[in-house]
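Please examine the following model with attention to its loops, its charged pairs and its surface. The paragraphs below proceed from one site to the next.

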Amino acid sequence: MGLKWKSDKHINIIVVIFGVLGLMAEVCNGGITSNYVRNDDLGRDMPLDSDVFRVPPGYNAPQQVHITQGDHVGKGVIVSWITPDEPGSSTVVYWAENSEVKHSAQGIILTYKYFNYTSGFIHHCTIHNLEFDTKYYYEVGIGNTTRQFWFTTPPSVGPDVPYTFGVIGDLGQTHDSNRTLTHYELNPAKGQTVLFVGDLSYADDYPFHDNARWDTWGRFVERNAAYQPWITTVGNHEIDFAPHLNETKPFKPYTNRYHVPYKAAHSTSPLWYSIKRASAYIIVLSSYSAYGKYTPQYKWLEKELPKVNRTETPWLIVIMHCPLYSSYVHHYMEGETMRVMYEKWLVEHKVDVVFSGHVHAYERSERVSNIAYNIVNGLCNPISDQSAPVYITIGDGGNLEGLVTEMTEPQPSYSAYREASFGHGIFDIKNRTHAYFSWHRNQDGYAVEADSLWFHNRYWKRFQESSVAAL
Ligand SMILES: *[C@@H]1O[C@H](CO)[C@@H](O)[C@H](O)[C@H]1NC(C)=O
Ligand SMILES: *[C@@H]1O[C@H](CO)[C@@H](O)[C@H](O)[C@H]1NC(C)=O
Ligand SMILES: *[C@@H]1O[C@H](CO)[C@@H](O)[C@H](O)[C@H]1NC(C)=O
Ligand SMILES: *[C@@H]1O[C@H](CO)[C@@H](O)[C@H](O)[C@H]1NC(C)=O
Ligand SMILES: *[C@@H]1O[C@H](CO)[C@@H](O)[C@H](O)[C@H]1NC(C)=O
Ligand SMILES: *[C@@H]1O[C@H](CO)[C@@H](O)[C@H](O)[C@H]1NC(C)=O
Ligand SMILES: [Fe+2]
């Protein structure tokens, strides 16, 4: 109540412009609630015989090939794939684009059972000591059916290294999911790495948590995930906790299928970790692991945040599944307990942006914080805070559960823009002071931005502003 926004005027001007253009935006107490009218053929799964689920031909051909960063700085890559018929070779053969010299790295093989499902042979191979900023070809399936892919390593970590991240969440395997992935692939901004904010396959929505749906999902996303790293976060659909099926070990399918470089980040769990990539420091948190005081995740994050050197990596990005600020009715306040624990740190360490999923819609917050409350002082409203991150909810990848459309009314002051449409985001880092975020809804052309914001780095902004003031 009684919140006064410096940007009121600005928002009103935008609203006037939108109104004039007939875009039907509507303002309440807060920002913009878009009335964009979208197609209604939502939530239908792609049929099992779809092209995207096709098993690659050949005896024991590797499938579901995907890569992620394999060390803390970007000179390593973890290559993962599954062979169906026999274990086969776990070797990755790789070579730099301009080199004749072939190298090889040896991986490991895992299998797991889930209720009455038995996985294929899951391979994970970490390649170390690659050159920065170099295109590499790689082959898997050595000795049986060999398949070839490629990836490009990021530039060396440094403050002014431009780099483009895609942001996708809650993807699933429907026609909408395929549209989201296609739009990401064809976006002229050319994302180089995907920040995936949780809820991958939605296998747990099928009878008996049908783990064959993890396999179809792995085949579906291979066309992108084999060529650029997906930095994954766990969502509630990764928990796969099903006591009625005697499956009581949380995250069993996910942790067998998706390996991450958590040890390089001195984490004790693959569910929370960090990486540096170009000019960004990315902290991945688990909304579904203990995060209270004294817990492993709390202790790790407490030590991790002060380690970030903004002279080296100006952009501090946090990804987690459950949003801390969302104004949709569905999942309202589910992130509240984690907000109470961690928001103070996010502000203190001037995190630039927090990306989350979970809510199947899009929303961008103002820079706000709500950390003054101490039970008795009554200070329980979010206030405008320039040290606070922007919170972006982007759980709109397009899964079988469909969109959530019901919003709390009036739109709260912390909410800058909200819209229930499927889409993806691009976080395009230009240099240490500027990054450009855009959100792209699936119904538009590939280059259309439905929402966008220039980010001014929270750490370097101070210096920039003082140098301007000194002139
Ligand atoms: C998924 O999208 C790709 C790329 O646009 C397209 O080639 C493919 O046919 C689509 N598949 C389905 C089942 O929609
Ligand atoms: C697992 O059990 C369910 C229920 O009995 C059955 O429908 C399904 O076909 C079984 N799957 C496998 C792989 O045996
Ligand atoms: C498949 O590859 C494995 C390991 O490289 C090898 O031992 C096996 O003989 C191969 N199988 C066939 C049918 O070629
Ligand atoms: C779970 O395990 C118990 C004890 O082994 C067994 O009696 C029960 O049938 C199992 N339930 C299922 C769904 O497999
Ligand atoms: C932070 O990074 C810069 C650039 O790499 C380096 O010169 C500086 O020593 C680092 N600071 C600390 C405290 O490690
Ligand atoms: C950083 O990027 C922004 C946006 O492209 C540009 O306006 C600005 O001049 C750049 N700053 C430097 C120091 O190059
Ligand atoms: Fe979720």
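Beyond its neighbours within four places in sequence, S201 is in contact (heavy atoms within 4.5 Å) with G172, Q173, R213, W214, W217 and E238. The residue belongs to the loop between β14 (193-196) and α3 (212-225); helices (H or I, at least four residues) and strands (E, at least two) are DSSP runs, numbered from the N terminus. With a relative accessible area of 0%, S201 is buried, where buried means under 20%, exposed over 50% and partly exposed in between (1.4 Å probe, protein chains only). The S201 side chain also reaches the backbone nitrogen of A203 at 3.0 Å.

The model is predicted: local features need pLDDT of at least 70 and side-chain atom pairs count only at pLDDT 80 or more, whereas totals for chains, interfaces and linings use all residues. Residues are numbered from 1 along each chain as its sequence is written, chains are lettered from A and ligands numbered from 1 in the order in which they are written, and side-chain values use heavy atoms, with hydrogens and water left out.

D444 counts as buried at 15% relative accessibility. Apart from its neighbours within four places in sequence, D444 is in contact with Y36, H183 and A450.

Because R432 lies in the loop between β25 (423-429) and β26, and D160 in the loop between β12 (147-152) and β13 (163-168), the pair ties together parts that are 272 residues apart in sequence. R432 is partly exposed at 24% relative accessibility, and D160 is partly exposed at 37%. Another salt bridge links E247 and K252, whose closest N and O atoms are 2.9 Å apart. E247 is buried at 8% relative accessibility, as is K252 at 16%. Salt bridges with shared partners also connect E336, R339 and E343 into one network.

Finally, V376 lies in the loop between β21 (368-369) and β22 (383-384) and counts as exposed at 72% relative accessibility.

Notes:
A polar contact is a pair of N or O atoms within 3.5 Å; within protein, one must be able to donate a hydrogen and the other to accept it, and residues adjacent in sequence count only if both atoms are side-chain atoms. A salt bridge is a side-chain nitrogen of Lys or Arg within 4 Å of a carboxyl oxygen of Asp or Glu.
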